Amino acid sequence: MASSPVLPWKTKIVFAIFSAVADTVYRSNGTINRRLINFLEAKVSANDKPYRGVKTSDVVVDETRNLWFRLFTPTEIHKHHVIPLPVIVFFHGGGFSLSSADGIAYDELCRKFAVQFSAIIVSVNYRLAPEHRFPSQYDDGIDTLKFLDETEFNRFGFPTFADLSKCFLAGDSAGGNLAHHVAVRSGKTNFKRVKVIGQISIQPFFGGEERTESETRLAKAQPIPVERTDWMWKAFLPEGENRDHEAVNVSGSRAMDINGVKYPATMVVVGGFDPLQDRQREFYKWLKRNEKEVKLVEYPNAIHAFLVFPELPEGSEFITEARNFVHEVRGK
Ligand SMILES: *[C@@H]1O[C@H](CO)[C@@H](O)[C@H](O)[C@H]1NC(C)=O
Ligand SMILES: *[C@@H]1O[C@H](CO)[C@@H](O)[C@H](O)[C@H]1NC(C)=O
């Protein structure tokens with residue numbers, strides 16, 4: 001069986017560049033070359049002037065830990081709609097150790113989400129590993145929800161037509177892992193305004209000690225060969241922990257008990273060339289067993305992180321599917 005679908009040259013070039021610098025980025029002593037990463041990652045600043053129908057601003061949640069989010073507000077949709085818009089709290093991918101809310105790839109993606117899903121997007125710039133390990137990222141996620149819950153809209157430029165009682169969590173890869181853990185925490189939190197009703201779980205990053213069939217078969221698949229994900233987990237987990245930790249092996253024997261915990265309606269997105277696919281289907285089944293509302297969406301030809309490669313065809317299929325999901329869930 002092939003370990004990769006036929007990919008456009010653009011995607012291949014990105015992988016080739018990344019493979020060439022990966023060993024310099026992910027050091028064998030467990031640290032990351034932040035300087036090189038910052039140099040390689042193209043960033044864009046927030047812009048109050050609408051671009052592609054969306055204006056953006058950066059909002060500080062907690063200065064002491066440099067926690068902030070980029071707010072994406074669609075400017076055209078609201079002219080034609082009088083109904084309030086749902087709020088999607090988004091967590092970017094990058095193995096908990098890379099990427100940011102102001103990186104160009106995620107800025108463009110969230111801009112697209114805002115227009116296509118008719119929603120306000122809050123893209124969280126959570127702290128990264130290994131400088132900040134578990135549970136910093138989950139703390140940053142839930143604290144951002146608490147900030148939205150408690151802060152007066154006009155104090156941070158939140159649009160008055162944002163409806164926090166129609167809140168979604170979303171994330172890809174490590175962001176999908178984060179969304180899940182923040183969903184569980186928010187199910188146990190009494191919010192005043194925030195009501196988390198949906199979750200878009202895009203190729204969530206889960207793992208475990210024992211290899212699954214797909215992890216073995218796709219061990220060398222770009223962009224997350226197994227040795228790289230092993231490195232990422234090690235950088236994220238507390239010293240001395242292994243991958244059967246509840247944060248990683250989310251449906252294993254050390255899993256959090258979600259029985260009776262309020263959990264949002266969830267859409268799990270799986271790619272057929274993603275080494276993580278077995279774990280993601282396992283996650284789906286585990287949610288089902290716990291009687292949560294969940295649907296599985298499979299793209300047989302998709303690689304991991306297909307969404308950040310706009311040249312790949314599954315991106316637009318996903319947008320249509322997720323748009324329907326958002327409409328369905330918010331209409332309930
Ligand atoms: C890890 O390696 C880098 C590069 O060789 C070095 O600068 C850094 O100090 C090392 N850190 C630790 C904790 O060993
Ligand atoms: C980890 O995950 C695998 C696959 O989801 C599962 O079969 C296994 O029991 C888990 N291990 C532990 C120790 O929880």
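Reader: Is Cys 110 buried or exposed?

Author: A residue counts as buried when its relative accessible area is under 20%. In this predicted model, Cys 110 is buried, with a value of 0%.

Reader: How many disulfides are there?

Author: A disulfide requires two cysteine sulfur atoms within 2.5 Å. By that rule there are 0 disulfides. The closest cysteine sulfur to that of Cys 110 belongs to Cys 167 and is 14 Å away, so the two are too far apart for a bond. Cys 167 is accordingly in no disulfide; Cys 167 is also buried, at 0% relative accessible area.

Reader: Where does Arg 127 lie, and is Arg 127 buried or exposed?

Author: Arg 127 belongs to the loop that joins strand 4 (120-125) to helix 5 (136-150). Its relative accessibility is 18%, and therefore Arg 127 counts as buried, the limit being under 20%.

Reader: What does the side chain of Arg 127 reach, and which residues does Arg 127 touch?

Author: The side chain of Arg 127 reaches the backbone oxygen of Ser 136 at 3.5 Å. Leaving aside residues up to four places away in sequence, Arg 127 touches Arg 65, Phe 96, His 132, Ser 136, Gln 137, Asp 139 and Asp 140.

Reader: Which residues make the nonpolar surface patch of about 360 Å²?

Author: Trp 9, Ile 13 and Ile 17 make that patch. Of these residues, Ile 17 is found in helix 1, which covers residues 9-25.

Terms used. Residues are numbered from 1 along each chain as its sequence is written. Chains are lettered from A and ligands numbered from 1 in the order in which they are written. This is a predicted model: local features need pLDDT of at least 70, side-chain atom pairs count only at pLDDT 80 or more; totals for chains, interfaces and linings use all residues. Side-chain values use heavy atoms; hydrogens and water are left out. Buried means under 20% relative accessible area, exposed over 50%, partly exposed in between (1.4 Å probe, protein chains only). Helices (H or I, at least four residues) and strands (E, at least two) are DSSP runs, numbered from the N terminus. A polar contact is a pair of N or O atoms within 3.5 Å; within protein, one must be able to donate a hydrogen and the other to accept it, and residues adjacent in sequence count only if both atoms are side-chain atoms. Contact means heavy atoms within 4.5 Å. Patches are made of residues with over 30% relative accessible area and no salt bridge: like charges are joined within 9 Å, nonpolar side chains (Val, Leu, Ile, Met, Phe, Trp, Tyr) within 5 Å. Accessible areas come from the Shrake-Rupley method with a 1.4 Å probe; for residues, only the protein chains shown count as cover. A salt bridge is a side-chain nitrogen of Lys or Arg within 4 Å of a carboxyl oxygen of Asp or Glu.
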